Amino acid sequence: MKFWQSTSNATRPYSPYRYSPSNMQFASSRTITRKMAKPCLTFFFGFIALSAIVEASQCSIKGLPLVRNIGELPQDNYGREGLSHITVAGSVLHGMKEVEVWLQTFAPGSRTPIHRHSCEEVFVVLKGSGTLYLASGSHEKYPGKPQEFKIYSNSTFHIPVNDAHQVWNSNEDEDLQMLVIISRPPVKVFIYEDWSMPHTAAKLKYPYYWDEHCFQSPPKDEL
């Protein structure tokens with residue numbers, strides 16, 4: 001009598017690998033799981049690699065073209081409602097040593113805080129209009145009452161070192177967009193609650209909001 005002559009499962013020797021509907025279903029599901037796992041793992045590791053590339057591109061110009069479209073540069077409001085900030089060329093992002101350039105847009109009614117910094121600053125108004133408040137007597141114990149200047153499209157102005165100032169989009173119908181150039185980056189900003197706040201009480205913000213993500217402290221001199 002041949003070993004596999006009988007077709008009855010009851011007369012066949014037991015084998016854990018014997019084909020049965022349940023075993024076939026288990027093997028089939030295991031194969032499907034393996035096939036599904038491969039693309040899932042590929043997607044997972046691909047996503048990690050892409051995230052690393054995106055983060056690196058935000059903190060380095062390596063691999064980026066020399067000529068770039070401003071509209072494709074990272075922009076954010078950094079928690080300040082009504083602001084759109086783009087670092088066109090900067091110290092932290094691009095390794096600039098002497099100057100830094102921003103493109104800033106303020107929605108109607110939005111404004112900068114009252115602040116000062118130990119660098120020179122130049123503004124070019126590209127579109128819109130607004131108001132500049134400048135306390136030229138900032139070298140006293142507190143900023144004092146500021147002077148008020150109207151700014152408008154195609155106008156330009158500069159802020160002397162350590163003069164407290166504030167830019168306000170006082171136009172209710174149009175955005176205020178400006179190109180801003182500062183010296184000695186990255187910027188260190190002292191923020192005031194009002195114009196009578198003593199200089200010694202002003203809050204230092206450094207690194208500033210758009211430098212925080214990529215800022216690296218310089219190595220300490222151990223000598």
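## Basis of the description

A residue is called buried when its relative accessible area is under 20%, exposed when it is over 50%, and partly exposed in between, with a 1.4 Å probe and protein chains only. The model is predicted: local features need pLDDT of at least 70, side-chain atom pairs count only at pLDDT 80 or more, and totals for chains, interfaces and linings use all residues. Residues are numbered from 1 along each chain as its sequence is written, and side-chain values use heavy atoms, with hydrogens and water left out.

## Overall architecture

The chain contains 2 helices and 11 strands; these are DSSP runs numbered from the N terminus, with helices being H or I of at least four residues and strands E of at least two. Along the sequence, their order is α-β-α-β-β-β-β-β-β-β-β-β-β. Of the 223 residues, 33% count as buried.

Among the contacts (heavy atoms within 4.5 Å) with a separation of 6 or more, 68% are between residues 24 or more positions apart. The accessible surface of the chain is about 15,300 Å², and 58% of this surface belongs to carbon and sulfur atoms. Such areas come from the Shrake-Rupley method with a 1.4 Å probe; for residues, only the protein chains shown count as cover.

## Nonpolar cores

A nonpolar core is a set of buried Ala, Val, Leu, Ile, Met, Phe, Trp, Tyr and Cys residues joined through side-chain atoms within 4.5 Å. The largest one has 21 residues, and Ile151, Phe157, Val167 and Met178 have the most contacts inside it. Strands that each supply at least two residues of this core include strand 2 (99-106), strand 4 (121-127) and strand 9 (176-183). Strand 9 gives the most, with 4 residues.

Leaving aside residues up to four places away in sequence, Val167 touches Arg111, Thr112, Phe123, Thr131, Leu132, Ile151, Phe157, Leu176 and Met178. Another core, of 8 residues, lies apart from the largest one, and Ile114, Ala164, Trp195 and Met197 are among its members.

## Aromatic pairs

Rings of Phe, Tyr and Trp (its six-membered ring) pair if their centres lie within 6.5 Å; planes under 30 degrees apart count as stacked, over 60 as edge-to-face and the rest as tilted. The count by this rule is 7 aromatic pairs. Tyr78 and Trp210 are an edge-to-face pair because their ring centres are 5.9 Å apart and their planes stand at 75°. This pair links distant parts of the chain, 132 residues apart: Tyr78 is in the loop between helix 1 (21-59) and strand 1 (83-89), and Trp210 is in the segment after strand 11 (203-205). Tyr78 is partly exposed, at 26% relative accessibility, whereas Trp210 is buried, at 9%.

Trp210 also forms an edge-to-face pair with Tyr208, 4.8 Å centre to centre and with 75° between the planes; both Tyr208 and Trp210 are buried. Tyr78, Trp102, Tyr208, Tyr209 and Trp210 make up one aromatic cluster.

## Charged side chains

A charge sits over a ring if NZ of Lys or CZ of Arg is within 6 Å of the ring centre and within 35 degrees of the ring normal. Arg111 lies over the face of Trp168, at 4.3 Å from the ring centre, and Arg116 lies over the face of Phe190, at 4.3 Å from the ring centre.

There are 2 salt bridges, each a side-chain nitrogen of Lys or Arg within 4 Å of a carboxyl oxygen of Asp or Glu. Glu148 and Lys150 form a salt bridge at 3.8 Å, N to O, and both residues are exposed. Lys205 and Glu212 form a salt bridge in which the closest N and O atoms are 2.5 Å apart. Lys205 is buried, at 18% relative accessibility, while Glu212 is partly exposed, at 40%.
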